[in-house]
Amino acid sequence: MSSNLYTNKHFRQLILLNEDFRLVASDDIIFSTKKLKDVPVGKWFPFIESVCDTLKDIKISDGEILFSRIESPALFLPGSYDFSFVKIVIENKNYIQWSIYDYTKVYTYLTKYQQLKNEKDIYRQKLEYQNKKVKSIEDLF
């Protein structure tokens, strides 16, 4: 595996939403939000619309809410991402801090690993089945 997989500093984007789920600010590390500023977040990220009620209920004292392995969460954003949400207070106003983590490479490697492991397990099972038919030492070789 490439060490770049672990050292990529551009794998997290921080977005600040108001309580009406409107974009307040973003560091635009993964994607640009310039054209999205006046569009409700649910329009450009349907996933947010689907968890809107859950996010509205977050309290300042609650821990983060994490959604793992969101596949292609927007038309302009292919890949696999983890989303983290936490409510914060800045200048006496409540906001939702949304962190987007780009784990596309990690999940791609994980999927390939799982597929290879499954193939090896199938092959192992076939060998074990064949070994059950062994009647003499010569049958092993």
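Which residues does phenylalanine 83 touch, not counting residues up to four places away in sequence? In this predicted model, phenylalanine 83 is in contact with Phe45, Phe47, Ile65, Leu66, Phe67, Ile70, Pro73, Trp98, Ser99 and Ile100.

Two of those names return in the description of the core. The largest nonpolar core has 24 residues, and Phe45, Phe83 and Trp98 are the ones that touch the most other members. Elements that each supply at least two residues of this core are β1 (12-17), α2 (41-44), α3 (46-56), β4 and β5 (93-102). The most comes from α3, which gives 5 residues.

The model has 18 aromatic pairs. One of them joins phenylalanine 67 and phenylalanine 85 edge-to-face, with 6.0 Å centre to centre and 75° between the planes. Phenylalanine 67 belongs to strand β3 (residues 65-71) and phenylalanine 85 to strand β4 (residues 80-90), so the pair links parts of the chain 18 residues apart. Phenylalanine 85 counts as buried because its relative accessibility is 0%, and the cut-off is under 20%. Ring pairs link a cluster made of Phe31, Trp44, Phe45, Phe47, Phe67, Phe76, Phe83, Phe85 and Trp98.

Aspartate 82 is buried but has no salt bridge; arginine 69, the nearest side chain of opposite charge, is 7.5 Å away. What aspartate 82 does have is a side-chain polar contact with the side chain of tyrosine 107, at 2.8 Å. Leaving out residues up to four places away in sequence, aspartate 82 touches residues including Phe67, Arg69, Tyr101, Tyr103 and Tyr107.

Arginine 69 has its own partner: a salt bridge with glutamate 71, the closest N and O atoms being 3.2 Å apart. Arginine 69 is partly exposed at 33% relative accessibility, and glutamate 71 is partly exposed at 46%.

The structure holds 5 salt bridges. In one, the side chains of glutamate 19 and lysine 87 meet at 3.1 Å, N to O. Glutamate 19 sits in the loop between β1 and β2 and lysine 87 in strand β4, so this bridge ties together parts 68 residues apart in sequence. Lysine 87 is buried at 9% relative accessibility, whereas glutamate 19 is partly exposed at 39%. Another bridge joins arginine 12 and aspartate 27 at 3.6 Å, N to O. Arginine 12 is in strand β1 and aspartate 27 in the loop between β2 (23-26) and α2. Elsewhere, Lys117, Asp121 and Arg124 are linked in a network of salt bridges.

Methods:
Residues numbered from 1 in each chain as written. Predicted model: local features only at pLDDT ≥ 70, side-chain atom pairs only at ≥ 80, totals over all residues. Heavy atoms only, no water. Phe/Tyr/Trp six-rings, centres within 6.5 Å; stacked < 30°, edge-to-face > 60°. Helix = DSSP H or I, 4+ residues; strand = E, 2+ residues; numbered from the N terminus. Buried < 20%, exposed > 50% of the residue type's maximum accessible area, 1.4 Å probe, protein only. Lys, Arg positive; Asp, Glu negative; His and termini not counted. Salt bridge = Lys/Arg side-chain N within 4 Å of Asp/Glu carboxyl O. Polar contact = N/O pair within 3.5 Å; in protein donor to acceptor, adjacent residues only side chain to side chain. Contact = heavy atoms within 4.5 Å. Core = buried A, V, L, I, M, F, W, Y, C linked by side-chain atoms within 4.5 Å.
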